[in-house]
Amino acid sequence: MTTSLYSTRGADPTTAPAFLAPLEGRDAAILPVVADLRARGRARFAAVGLPTVKNEAWRYTNLRELAKQSIAPAGDSAATPVDRLPTVRSAGAGPRLVFVDGRFRADLSTLQGLPTGVLLTDFASACRDHGDLVAAHLGRLASADDRPLVALNSADLTDGVVLRVGAGVAVAEPIELVYVTVGREGVTASSHPRALILLETGARAVLVEHHISQGGAAVLSNHVAEITIGEGATLHHCKVQRENDASFHLSHIAASVATGGVYDNFILTLGARLSRNEVVSALDGRDARTHVSGGYMVRGHQHADISTVIDHAQPNGTSREVYKGVIDDHARAAFQGKIIVRPQAQKTDGHQLNRALLLSDNAEIDAKPELQIFADDVKCSHGCTAGELDDNALFYLRARGIDKETARGLLIGAFLADVLDEIAEAPIRDAFQDYVAGWLEEQR
Amino acid sequence: MIEIKNLHAKVDGKDILKGVDLTIRPGEVHAIMGPNGAGKSTLSYVLAGRDGYEVTDGSVTYYGKDLLAMEPEERAAEGVFLAFQYPVEIPGVANTTFLKTAINATRKHRGEKELDAMQFLKLLREKTKALGMSDEMLKRAVNVGFSGGEKKRNETLQMAVLEPKFAILDETDSGLDIDALKIVAEGVNALRSPERSMLVITHYQRLLDYIVPDYVHVLAAGRVVKSGGKDLALELEKNGYRDFGVDEAA
């Protein structure tokens with residue numbers, strides 16, 4: 001797809017040097033393709049810098065505070081002690097890669113439970129042992145030209161994950177990726193992990209990402225994932241972000257789905273001072289399906305941004321999009337949902353819903369659905385709502401002896417309950433439900 | 001004992017209750033009848049503690065305590081129960097979760113041990129059977145998709161489970177056909193006891209054929225204008241509220 005979905009207009013090049021200067025001398029690239037991408041990323045980011053609210057795609061999310069941070073690349077985290085690692089497993093072990101401040105930690109990772117026909121490895125190992133694979137996919141779906149933060153990720157491309165599930169292979173165990181940020185006092189430590197994910201024809205896998213902080217230091221995590229779903233392949237991709245409220249979490253996921261393939265994405269946002277999750281799912285083959293959904297719960301002065309693009313490029317595609325958010329105190333959330341139906345994408349069925357629950361007079365949601373439909377035989381719907389807790393329901397519960405805070409918790413939990421049902425796998429749903437319950441517990 | 005004295009209340013800046021006096025002793029069932037707009041529902045909400053109902057004068061003493069100083073949940077835990085005229089639908093909260101949370105909140109307040117899942121289910125089975133309610137109604141979200149009769153049965157179930165000292169039944173007959181009314185009335189009658197007081201609020205005499213009160217009061221224009229025995233209800237049925245300066249036909 002050569003049509004640009006995005007422009008870098010309004011980005012601010014004066015913000016670039018602070019990010020790029022510390023990268024001088026970090027040039028030990030393993031592969032020419034990596035060296036090339038880094039050079040292009042640096043040149044591009046130097047030219048454009050951070051996006052600003054002048055760019056329509058960034059209208060509701062201001063990176064001014066990020067620009068003020070004292071940015072430094074995350075240091076050597078090879079020996080950083082890690083307290084505890086989250087998992088969606090109730091028992092036993094399964095495949096898991098762990099990253100601390102963006103760097104792979106072999107000592108904490110395991111490939112246990114992976115069937116043959118699956119490659120799961122860190123970026124450096126992949127460059128060394130599977131150079132052709134990296135060269136074929138790196139930068140293919142996420143363009144440094146269009147998106148300043150993809151350029152920045154490319155500029156400091158150092159580590160990440162490479163997953164390839166071979167044709168016809170079904171991975172029963174969820175594959176877990178755990179990103180722990182520790183950082184250090186006095187600076188905002190940055191890391192730019194990259195994920196290259198490839199499901200070959202008929203492959204099936206479930207991927208779970210955990211993003212957590214250890215300690216209270218501010219960090220910048222700027223993730224890019226490029227996900228290729230082959231013909232008839234299915235990936236369920238679930239992510240929970242629980243970083244500390246000093247940190248910046250930026251993520252760009254670009255998926256391309258071939259004929260009959262399925263890409264499902266669920267993101268639960270609970271943490272970070274500022275987070276933005278971009279999900280671009282392109283149905284590049286016929287009869288492809290994508291289902292992108294999630295929940296966001298923010299309070300204090302948190303800011304959460306969900307920006308999705310569903311690109312129906314071929315006929316008979318189905319997309320379903322459901323987000324629900326709870327916003328308290330002075331927190332803000334933004335939802336931007338773009339659905340494109342290209343001229344040849346007849347018989348497209350697209351559905352989008354965003355519902356926000358505002359718990360305080362100072363809470364804010366900005367929602368922008370955007371449908372660009374160029375085919376004539378399509379079904380597309382979208383809906384956005386913002387509301388408050390139902391006073392009648394609250395009084396009803398209290399009139400039965402349930403105290404106000406418990407009653408509010410019940411109603412907030414109820415509001416979010418059905419969005420968690422969008423997660424197909426019960427153990428993941430249960431684990432995410434526990435994170436939501438934990439959030440509600442802290443709320444009291 | 002519940003003593004309502006000279007109770008005045010405002011809603012949206014408008015005076016609705018203008019000096020209600022009423023004393024209800026343990027075990028007694030009092031009916032409040034009155035035309036539309038007399039302040040019947042306002043009285044029930046003021047007693048239950050709903051926001052937006054401003055008490056401007058008077059007092060309510062509940063077993064020696066100042067009822068009006070308590071939060072709604074404290075009143076409930078102390079044994080006040082309002083059966084709603086329009087029970088609220090709460091999508092996403094299962095009826096059982098709701099009942100269990102409510103009963104354990106009340107038990108905790110009373111210094112009793114909370115019920116575990118098994119004890120709770122046993123209690124619930126017992127109570128639902130008596131009311132002819134299905135397990136399926138318990139699994140569903142609170143009142144969501146319930147018929148009018150099912151909602152009122154659900155209110156009665158809550159009352160049976162929470163065992164209040166003072167139950168206020170606000171227009172329990174509204175929206176019920178005669179069969180549903182009988183079932184609900186039977187459920188309520190089964191809960192009559194020497195320790196439990198009830199205040200039955202209704203527009204029509206019909207309900208009082210099934211829940212027979214000890215006393216009947218007429219509420220008009222924010223005041224109790226007449227009190228009597230159960231025969232007063234029959235009189236009202238015959239003559240309407242005209243004698244109290246209200247012409248409902250108008």
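Chain A has nine helices and 21 strands, where helices (H or I, at least four residues) and strands (E, at least two) are DSSP runs numbered from the N terminus. The model is predicted: local features need pLDDT of at least 70 and side-chain atom pairs count only at pLDDT 80 or more, while totals for chains, interfaces and linings use all residues. Residues are numbered from 1 along each chain as its sequence is written, and chains are lettered from A and ligands numbered from 1 in the order in which they are written.

The C-alpha trace spans about 70 × 55 × 50 Å along its principal axes.

UniProt, in an unreviewed entry, lists residues 189-415 of chain A as "domain: SUF system FeS cluster assembly SufBD core"; such annotations may be inferred rather than shown by experiment, and positions follow the numbering used here, with feature names shortened. This stretch is 9% helix and 60% strand, and its end C-alpha atoms are 36 Å apart.

At the interface, 17 residues of chain A are in contact with 20 residues of chain B (contact: C-beta atoms, placed from the backbone, within 7 Å). On the chain A side, α7 (391-398) and α8 (404-420) each supply at least two residues, and α8(A) gives the most, with seven residues. The chain A side divides as follows.

| Class on the chain A side | Residues |
|---|---|
| Nonpolar (Ala, Val, Leu, Ile, Met, Phe, Trp, Tyr, Cys, Pro) | nine residues |
| Polar (the others, Gly among them) | three residues |

Definitions and conventions: Two residues are in contact if their C-beta atoms, placed from the backbone, lie within 7 Å.
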